[in-house]
Amino acid sequence: MFEASSRASDLTSMTPTFDAFCSQITAPTLESVRSSCRHLLINSDPTECNQSLSTYLKTAVDHLSKESEVYHVCSVFALDLLRSNLFTKNFGLCMGKILSLLKVLSDAASDEEVENFKSFLSVITLLTFKLHDDPVMGAAFSEHISDEQFVSTLRSLGIISVVGNVLNKHITSSKSSHAAYVLLKFNCDIIFQYLYKVVLLSDEEFDSLTRSPLIPTLIDDLTSNDNFNEYDVTYNDFEDEEKLVAYEEFKLLLLINEQYLMKTISCTSRTNRVFEGLSVNRKGVNVLCGFTNLLVYHLNREESSIIKILMLKFLYTVFTTSYSANFPYLNDVKILLDIILRELNDLDYSPEQPKENCILALTYLKVLNPLLVFSQLSELDPPYKPYEILETLRNVVINCDTSSYEREYEDVSTKSNFAAIVKSATKCLNIPWVKKSSNGFKVNSSLNSSKNASSESLVSISSVSSRVANVKLGTSDNTSSTDSLSFTRVASVRASNKDDYNLHTKSHNLELQGSRSKDSMFSINNGNVFLQDSSKEDPFATFAAARTEQLLDLPKEYLGGNNNSQPNRKPDTLNARQQKAKVKRAPPPPPPPPRRRR
C-alpha cells in the first residue's frame, strides 16, 4: 500500500501542470510562418486566387497578435505578398479583395483582431504604391501591369471612395490612442500616394470624396481638438498623439482644398466645401481665423516643400476672397509677412539648385501680392516693415533678372520660372502703398548677408528702379486670370519627390537615430530599403533587420503595435493651456501700497 502511494506521488510529481505545459509550447517564429505560406504565394491560378489570398491574410493576421512589433511584421508579410506571383499576376483580383475587406472592416465592431486586420490591409495598400514606383523592385509590376493599368485598376475599384469611407468611420468611432493615430496616418498617406500618381482626381472620384461626410468630419474633429487653438511649444510634437492626429487631418484638408482649386479650372460652379466649412462661426469665433492661425504656426516650422505650397494655396484663397481677406488676426498677418520675407531671402533658387526652390519662391510671391493689397496690412499707418519689403523684392528682381536675361541657360523652364518670379516681384513693388514707401529708401547693408544677394544687389536706387521699370507687367485683360489659373494648376504633390511629404517625420527619426552606422544598408542605399545587395541573397531575406520607419514613414516611438510602447505623453487630464499654466511661474506679488501720512 505504501509502495503504491509512493509510486502515485512520483507519477504526480513527474506529470507537468497545465501552465508548465503551455509555457513549453513556443509560438511559431516569423520566418517559419513565412515559409509555411510560400506555396500560397507561388500559385498564380486566377481560379484559386481568392482562396489563396484569404488564407494568407488570415495566417498573417493571426500571427500579428503574437508579435510586439506589429507594423514591422505587417510590412514583412505585405512585401512578401506584393512581390509574389499571386499578387503581380492577379493584381486586379487581389486589390479588389483587399479594398473590399477594408470597406467591410471599417463598419465592423472594433477589437484587437479587427484593428490588426485593418492595419495590415492599409499597409499592403500603402506599400503597393511605394513598391510600384521603386526602380528596382518595381520591375515585377512593370512586367505584368503598366503604369496606366495600375492607375485605371485602382480607379475602377474606387480606391478614393473606400479610403475616404475608412477615414470617416475611423475618425468618428476611434478614441485617441497609439493605434488610432497610426491607422489614420496610413490611410492619409494612401490618398497622398494616389494623388501623386494621378495629380487630378476624376470627376467621379472627386464627387465621391467631397460629397461624402469626410470633409465635415475632418473639420469637426480638427476644430474640436485642443491643439487647434492652444499651442504648447514647450513639448515635442511627437509626444502628443492628439497633435499628430490634428496634423494629419490638417494636411488632408489641404490636399482636398488643392483639388478644389484645380477643379475650378474646368468648372467654376463648384463650391469649395473645405473653405466653406471653415468659414463659419463657432462659439462666437470664426473658425477660419483659427485655421489661418494654425497655417501660420505650421508654415513657420514646416520642412516639406509640398506642404508649404499646400498651405500657401489655402492662404491665397483666403486673401483673394472678398469676405475673408480681413478675417485673419493682424498679428498672424504680420507674422506671415515676416515668414515670406525670410523665406524669399533664404531660398536659393539658382539654376544649380532643385527646381522646387524656384516653385516655392514663386508661390510665396503669388501669396504676397494679395496679402499686401487686400489684408489689413494695406490699412496700417504707418505701414508695417515697408523698407524690408522693398529691400527683399528688389533683391529678388535683380538676382532673377540677372540670371534669366544676362546668362544663357539651355533649360527653357528655368528661364520661364525666373521671368515669372521677376514679374510677380515687380507687381508687388508696384502696389501703391509699397511704391509710396520707396521715397527716400536706401538699400540696407543686410543684403550682403542674404544667400541670394549678388554683387549687383548694392547698386544705386536709380539703377534698381530702372530695372523694375523695364520689366513688362503685361497688364492685359487676360494676364491676371492667366496668372491665377497657372498658380492653381501647379500641383503641389509634384513640386518635389514623394519623400518630401513626410520630411517632418523623417527628420525626427534621424534626430533620434543620431549618426547612422557606417555599414547600415540605409546609409549605403541612401535610405532605400529595396536597394540591397542582391548578389548574395534575396533582397527581403534580411528584411527583419530593416528599419520599418523608412518604409511606413512612422515616428520611431510608434513602431510598436501595443499601447505599452507609446511615448511619454502628457497627462490626459490637462489640456495645453493648463500645461502652460503648470510650467509657467506665477508672477511675483504686487508691492504693498504706500503708507499714508497722518
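A residue counts as buried when its relative accessible area is under 20%. In this predicted model, Cys358 has a relative accessibility of 6%, and therefore falls in the buried class. Cys428 is also buried, with a relative accessibility of 0%.

A disulfide is a covalent bond between the sulfur atoms of two cysteines. How many disulfides does a search of the whole structure find? The search returns zero. Cys358 illustrates the result: its closest cysteine sulfur belongs to Cys400 and lies 6.6 Å away, which is too far for a bond, because a disulfide requires the two sulfur atoms to be within 2.5 Å.

Charged side chains provide contacts of another kind. Side chains of opposite charge can pair when their charged atoms come close. With a cut-off of 4 Å between a side-chain nitrogen of Lys or Arg and a carboxyl oxygen of Asp or Glu, the count comes to 21 salt bridges.

One of these salt bridges joins Asp553 to Lys130, with the closest N and O atoms 2.5 Å apart. The two partners come from distant parts of the chain, 423 residues apart: Asp553 lies in the loop between helix 29 (549-552) and helix 30 (576-583), whereas Lys130 belongs to helix 9 (residues 112-133).

Lys197 is buried, at 14% relative accessibility, while Asp133 is partly exposed, with a relative accessible area of 30%.

A salt bridge also connects Glu343 with Lys308, with an N to O distance of 3.6 Å. Because Glu343 is in helix 20 (residues 330-346) and Lys308 is in helix 19 (residues 305-320), the contact ties together parts that are 35 residues apart in sequence. Both Glu343 and Lys308 are buried.

Salt bridges may also join into a network, as they do among Glu31, Arg34, Asp80 and Arg83. Asp80 falls within the range of helix 6 (residues 70-82). This helix has 13 residues and spans 18 Å from its first C-alpha to its last, close to the 18 Å expected at 1.5 Å a residue. Helix 6 is largely enclosed by the rest of the structure, because 13 of its 13 residues are buried.

Which peptide bond is cis? The bond from Asp381 to Pro382 is cis, with omega near 5 degrees. Pro382 is located in the loop between helix 21 (355-374) and helix 22 (386-405). With a relative accessibility of 32%, Lys385 is partly exposed. Val199, likewise a residue other than glycine, has a positive phi near 65 degrees.

Methods. Residues are numbered from 1 along each chain as its sequence is written. This is a predicted model: local features need pLDDT of at least 70, side-chain atom pairs count only at pLDDT 80 or more; totals for chains, interfaces and linings use all residues. Side-chain values use heavy atoms; hydrogens and water are left out. Helices (H or I, at least four residues) and strands (E, at least two) are DSSP runs, numbered from the N terminus. Buried means under 20% relative accessible area, exposed over 50%, partly exposed in between (1.4 Å probe, protein chains only). The expected span of a helix is 1.5 Å times one less than its number of residues.
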